[in-house]
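Please look over the structure shown here before reading on. The paragraphs that follow go from the surface and overall build of the chain to a single residue.

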Amino acid sequence: MTTSRRAARRRALTVAVTSGLVVSGAAITAAPAALAAPSADAVIAEVYGGGGNSGATLSNDFIELANRGAAAVSLDGFSVQYAPASGNSWQVTPLTGGVAPGARYLVAEAKGAGGTVALPTPDATGSIPLSATACTIALVQGTTALTCKTAADCAADPRIKDLVGFGPAAVIREGAAAPAPSNTASVARGSALADTDDNAADFTSGAPTPTNSKGETPGETGPPPVTAKIHEIQGTTRISPFKDRKVAGVTGVVTAIRSFGSARGFWVTDPAPDADPRTSEGLFVFTGSTTPAVAVGDAVTATGTIREFYPDAPATSPYQSLTELTSAQWTVDSSGNALPAPTVVTPDSVPDTVAPAPGGSIEPLPLEPAKYSLDFWETHESEIVSVSDARVVGPTSSFNELYVTTKPKQNPSVRGGAVYLDYDRLNTGVLKVASLIPFAEVPFPKVNTGDVLTGETSGPVEYSNFGGYTLFATKLGATKDNGLKRESTRAQRSGELSVATYNVENLSALDSAEKFGELAKAIATNLAKPDILNLEEIQDNNGPANDGTVVADQTLQKFVDAIVAAGGPRYEWRQIDPENGKDGGQPGGNIRVGFLFNPARVSFVDRPAGTATTPVDVVKERGKTHLTVSPGRVDPANEAWEASRKPLVGEFVFQGRTVFVIANHFNSKGGDQPTHGRNQPPVRSSEVQRAKQATVLRGFIDKVLASDKNANIVVAGDLNDYPFSPAVKTLTAGGVLKDLIASLPENERYSYVFEGQSQVLDHILASKAPRGTDYDVVHLNAEFAQQASDHDPQVLRFRPSAGNPVQDAFYDLADYLEKVLGPYLPKP
């Protein structure tokens, strides 16, 4: 699996984890709380430290003060001061001027690299980069930095007029800490500005609402607020015509509520739609980490500011945005109203074409929902949609997500998935499903590819950077188990050499016995004990610990022992330890490729002196082609392999015939733009390095064939690319190598499932010399909710050539007789 596909998740992580409260299993010891007397006038009203961070709309951090008293308060000579969660130091921003009764006072702090919306004109300006999740802010009489480092010491300092500590890690706080905010949420007192000296009671987390002493907010720095309907807000393109504007009089019926996580809020739909199919009638009202006080069926009238939420920096984001109402206030006009009917999605609803291809952003283009799938979903953003009897094409993940298809006849795999067959043949029917239902009420279904969610599955649709458009279910169909089984391949015959490739997903000696056992069982049983096993993602002995360790002998020994325990042979291994931190992958893991081989069936030709930096070469001695080092790395200093795994070549001998096996793990797809993003066609920037890697590797293969045109060459591993990609085409150009997965029927061409698309990352390629090739992808991981790895292994069985037609003919005849007579011969 590529590193990018293990990236951190969304701003509402708990949406996909628990659909409810997450509690650490570790005991928490409460620190002494600061207990200064409550302030009668000036207090800290709001703190936001996510300005300019990933996903933030505002470009600056800020601290907002308020006056809860009846008289104006002078702030001349005062300061606001910041301490990190540890409380070990204080930074100071001096204040001047004052704050009127009931008014606000805005202090701008550090500006981040992201964000598109400036604060209203601040009343004071500092440069402190506030923490987005945990720290302490104090309002102090004086501008000398505080020295207190505990809650008790700060409570005893008479200079502190008010103080708030937020996030569980905050050492200094009043009472219990206020909840942790985020890049998109602040902590703020309620409208009554209550000060009970218990930060947890006084502050809640929600959308940031910076307000200066003039009462200005970011939404009020432009045109005045306007009354708008939801379809007017959504507009006919992806970007609202009211972006960053304050709107009023927004009416709709509450259709769903997200009551957990850091992206809480509710969806509303206007029951009186317009006649334009391009405009959505749904809108998400974002309330941060505060659960909104509404119920499904409430008719509400809301005001707030329209934002386009991106999961990262809006200016450079490759993702689409979500139109939402932030800093919202609303009134409930009535309750118990009937919900607008959902949009029923049938196999014919979603177009087969993904999006227009302007060579850049599709955001300004008018939506064409009858023509493009991304446009179809955008026109239903935040509306309730329903699907029926939906077949699962991507199994349940550890984030409690799954993928279904709304187009069951679109490129179906032989086992129920949806096969990705070319850049312009994306499966547009694929839809991600998550749940808004608390798991205590309805556990999230654990399903495999090919299972079905029977009946109706419905809920609001929202764009996610992980998987594209997502149905957040308020109703989940029942699970129908279609009985998907893990595959096994046949054993090789005596005259066949079997070579398998398997990405074992960051395997280290620290992994559980269960993981080792499952991988070992697959090798001993499902793969039928291959003679040579090409491995990817073998980590060093201490896995992700980044302490300079690069050796992997404990990892490999534990693996070999597990295979024996599972009934397999006692394999030997060959590999080369990489240079520390030079081969990419999980930091500290030092992943590498390597070989296991069964010495009872095949021998390895050891030619010593191969190191991490030694390039392997080809020589011819007494008419035979050999490697200069075995195992050896292919041109390891070449820039093509920067921060990526280097191919490993091994020289094997099977029944007197030499076979060269090249283990590979090309660079990941990290950095590629998503297929569902705002830039179409997406830029596949990682292809550039893989193209270079394929060129270097092809040069080495050509060198072997120049020395021996009949050489038995097997190129195997995780190439992180498709059969139709430029890298694979470079390797197969001129028919020098055959990509065996491309020889399978289209509905069997996959070894990996990503975002509901069954696709190819792993390959076995062979030169012309091997004869009687029999190739198999053994599906036992990628389609299942329970996986030992996220990749499916592959195996190739063949008869190596001796380079002599007469010898090869006798060899082939013997193998043929065994094949024909084998069922009738006595079993050993």
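The model is a predicted one, and in it 58% of the 828 residues of the protein chain count as buried.

As for secondary structure, the protein chain has 44 strands and 9 helices. Its radius of gyration is 31 Å, which is close to the 28 Å that the globule rule gives for 828 residues, and the chain is therefore as compact as a globular protein of that length. Taken along the principal axes, the box that the C-alpha atoms of the protein chain fill is roughly 105 × 60 × 45 Å.

The contacts within the chain can be described by separation in sequence: among those between residues at least 6 apart, 70% join residues that are at least 24 apart.

Is glycine 261 buried or exposed? Its relative accessibility is 12%, and because buried means under 20%, glycine 261 counts as buried. Glycine 261 and threonine 291 are 30 residues apart in sequence, while in space the distance between them, C-alpha to C-alpha, is 9.1 Å.

Key
Residues are numbered from 1 along each chain as its sequence is written. This is a predicted model: local features need pLDDT of at least 70, side-chain atom pairs count only at pLDDT 80 or more; totals for chains, interfaces and linings use all residues. Side-chain values use heavy atoms; hydrogens and water are left out. Helices (H or I, at least four residues) and strands (E, at least two) are DSSP runs, numbered from the N terminus. The radius of gyration is taken over C-alpha atoms; the globule rule is 2.2 Å times the number of residues to the power 0.38. Buried means under 20% relative accessible area, exposed over 50%, partly exposed in between (1.4 Å probe, protein chains only). Contact means heavy atoms within 4.5 Å.
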